[in-house]
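Here is a friendly walk through one protein model, written for someone who likes to see the cut-offs beside the numbers. Take a look at the structure first, and then read on.

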Amino acid sequence: TNAWLTIQDDEAPRAPFPFYEGFESGVWSNYWTVRTNGPGRSRLLNPTNGFEGSRSLTMDSTNGAALNEATLTVNLSGQTSVIFRCWTRDYADAAHAMPETFVDSTNADGIAVSADGMTWHRLVDLAALGNRTVYTNLVVDLAAFAAGKGLPLTATFRIRFQQYDAGAYPARGRSFDHVSLTHAPPATST
């Protein structure tokens, strides 16, 4: 059976915009909901596996296949310019492609967004990146992506980071670091 362990505060506040998370405190802020099944682990690890600094969000499994999800809830209400950035690293994680859309959860590696917390839209398919043994910078115009999908930027907009595999860090798994949501830089004229 797939038993889920969910850590969630139903009254959890939403992250403000602009937003930055480097995970250096080693403690989950209340903007995050963490969910794993089976032997999965989503941890804020130290020592020195972060892109910069000493910590990162690292997902793996102690023994057997597991899905790990860390979902950020952020207030994007009224925003028209939102750039999503993060760094990610792969530790020989087996590739599990993320579908373009899914409901609730899916056994895949990727980053997805949701305006309602139920229907998810793939933002980045991490399986398509292949094995990246060094940190890779991901940058997406989130406002343009959401507009293209017909998704409103809501006061409870969600961004989910997820990993599915069967192996323990540092031999397997995935890390995320330096997650940010900012305004797009102003256009310059030449």
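## Around serine 180

Serine 180 touches Phe19, Tyr20, Ile83, Phe84 and Arg85, leaving out residues up to four places away in sequence; contact here means heavy atoms within 4.5 Å. Serine 180 sits in strand 13, which spans residues 174-182. Helices (H or I, at least four residues) and strands (E, at least two) are DSSP runs, numbered from the N terminus. With a relative accessible area of 10%, serine 180 is buried. Buried means under 20% relative accessible area, exposed over 50%, and partly exposed in between, using a 1.4 Å probe and protein chains only. Serine 180 and glutamate 21 are 159 residues apart along the chain, yet their C-alpha atoms are separated by 6.4 Å.

A word on the ground rules: this is a predicted model, in which local features need pLDDT of at least 70 and side-chain atom pairs count only at pLDDT 80 or more, while totals for chains, interfaces and linings use all residues. Residues are numbered from 1 along each chain as its sequence is written, and side-chain values use heavy atoms, with hydrogens and water left out.

## Aromatic pairs

How many aromatic pairs does a search of the whole structure find? The search finds 8. Rings of Phe, Tyr and Trp (its six-membered ring) pair if their centres lie within 6.5 Å; planes under 30 degrees apart count as stacked, over 60 as edge-to-face and the rest as tilted. Phenylalanine 23 and tryptophan 28 make an edge-to-face pair, at 6.4 Å centre to centre and with 75 degrees between the planes. Phenylalanine 23 is buried at 1% relative accessibility, whereas tryptophan 28 is partly exposed at 28%.

Phenylalanine 161 and phenylalanine 176 have ring centres 5.2 Å apart and planes at 70 degrees, so this pair is edge-to-face. Phenylalanine 161 belongs to strand 12 (residues 157-165) and phenylalanine 176 to strand 13, so the pair ties together parts that are 15 residues apart in sequence. The relative accessible area is 0% for phenylalanine 161 and 0% for phenylalanine 176. One aromatic cluster is formed by Phe23, Trp28, Trp32, Phe84, Phe161 and Phe176.

There is also a charge over a ring: arginine 160 lies over the face of tryptophan 120, at 3.9 Å from the ring centre. That label requires NZ of Lys or CZ of Arg within 6 Å of the ring centre and within 35 degrees of the ring normal.

## Helix 1 and its two sides

Which residues of helix 1 are buried? In this helix, residues 142-149, they are Leu142, Ala143, Phe145 and Ala146. These residues cover an arc of only 160 degrees around the axis, which puts them on the same side of helix 1; the arc is that of the directions from the helix axis to the C-beta atoms. Ala147 and Gly148, on the other side of helix 1, are exposed. The buried residues of helix 1 pack against several strands, including strand 7 (83-90), strand 9 (110-114) and strand 10 (119-125).

At the N-terminal end, helix 1 is capped by aspartate 141, whose side-chain oxygen lies 3.3 Å from the backbone nitrogen of alanine 143. A polar contact is a pair of N or O atoms within 3.5 Å; within protein, one must be able to donate a hydrogen and the other to accept it, and residues adjacent in sequence count only if both atoms are side-chain atoms. Just after helix 1, glycine 150 has a positive phi of about 75 degrees.

## Nonpolar cores

The largest nonpolar core has 35 residues, of which Phe84, Ile111, Leu142, Ile159, Phe161 and Leu181 touch the most other members. Helix 1 gives the most to this core, with 4 residues. A second, separate core of 5 residues includes Met98, Phe102, Ala112 and Trp120. Such a core is a set of buried Ala, Val, Leu, Ile, Met, Phe, Trp, Tyr and Cys residues joined through side-chain atoms within 4.5 Å.

Beyond four places in sequence, the contacts of aspartate 90 include Gly130, Asn131 and Arg174.

Alanine 97, in the loop between strand 7 and strand 8, is exposed, with a relative accessible area of 54%.
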